[in-house]
Amino acid sequence: MSNVYTEAEAKKLVLRNLRALSTENKGNVTPEIYKKSGLKPSYSYIKDHFGWTNMLREANIMPHPSMLTAEELVQQLKESIKELGYVPTSTEYDKLKLKPDSEALSKRELTWTEAMMQAGYKTYGKAVKVKDNVCYNGGCYAQFTPEYEQHWYCDECQKDIRGKFISKLNGTKDVTVLRKIALQLATSNNSFRTISFIMGLDKK
């Protein structure tokens, strides 16, 4: 391989191959899949020269759970629950087949409660009528109990969005723009989601 490509060229080829396989296999790229593909450079070359998981991460592909560290599994758990939008029970989480699964956590000697705690989420000590939400704001992972049906944001994010919105309104002199904003709010079922959209804060 080294006689044909420079290391930099080989790395570019590896990344291109991994991304193509990821697209073909719905994001799942294992050593077995790569070996069966017959692509070059070989799996052994990638492992020895760059590190398999390092290249997967550089290609923005999540390595198989068996290759993740405990910290990476906890981060994956955090992202999965953030994407779900609410805090599930362990039974519900397994039924939804989210990643990482209980087996992957167990192999890293993590219980459900320990993994959730490290991810920043509280588990339910007893049955609840209303499950906790995870803040809809893109960079926020705060867990909170919703007080109404479309309660999407935690208190801190609501205060921040409200403050920025008021500042924007105070600085807007164009009556046409103000009328457009008022119409958007008047026809919205969720004013905070609308405000977030108007402010360009809806990044989830």
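Which element of the protein chain has the lowest mean pLDDT, and which the highest? I started my notebook there, since this is a predicted model. Helix H11, residues 191–198, has the lowest value, with a mean of 71. Strand S2, residues 143–144, has the highest, with a mean of 98. For the protein chain overall I noted a mean pLDDT of 87, and 93% of the residues reach 70 or more.

**Entry: a helix pair**

Next I looked up how helix H9 (residues 155–170) sits against helix H10 (residues 175–186). Their axes come within 11 Å and cross at roughly 145 degrees. I wrote down the hand of the crossing too: left-handed. Which residues make the contact? From H9 I listed Phe165, Lys168 and Leu169, and from H10 I listed Leu178, Ile181 and Leu185. Sorted by type, the residues of this contact are five nonpolar and one charged, with no polar residue.

**Entry: the largest pocket**

Then I went looking for open space. I remind myself that rolling a probe the size of a water molecule over the atoms shows where empty space is left. The largest pocket has a volume of about 170 Å³, and 13 residues line it. Which of them are the closest to its centre? My list reads Gly85, Asn133, Glu149, His151 and Trp152. Taking the whole lining of this pocket, I have eight nonpolar residues, three polar and two charged.

I finished with the backbone. Where do I find cis peptide bonds? I noted one from Lys40 to Pro41, with omega near 0 degrees. Pro41 is in the loop between helix H2 (31–37) and helix H3 (43–49). I noted another from Lys99 to Pro100, again cis with omega near 0 degrees. Pro100 has its place in the loop between helix H6 (90–95) and helix H7 (102–107).

My last stop was Lys26, a residue other than glycine with a positive phi, near 55 degrees.

How values were computed. Residues numbered from 1 in each chain as written. Predicted model: local features only at pLDDT ≥ 70, side-chain atom pairs only at ≥ 80, totals over all residues. Heavy atoms only, no water. pLDDT = per-residue confidence, 0-100. Helix = DSSP H or I, 4+ residues; strand = E, 2+ residues; numbered from the N terminus. Axes fitted to C-alpha atoms, helices over the stretch in contact; angles between N-to-C directions. Left-handed = near helix turned anticlockwise from the far one by under 90°. Contact = heavy atoms within 4.5 Å. Nonpolar A, V, L, I, M, F, W, Y, C, P; charged D, E, K, R; others polar. 1 Å grid on protein atoms, 1.4 Å probe; cavity = no way out; pocket = protein on both sides within 12 Å on 5 of 7 lines; lining within 4 Å. Points joined across faces, edges and corners; volume = space filled by probe spheres on them.
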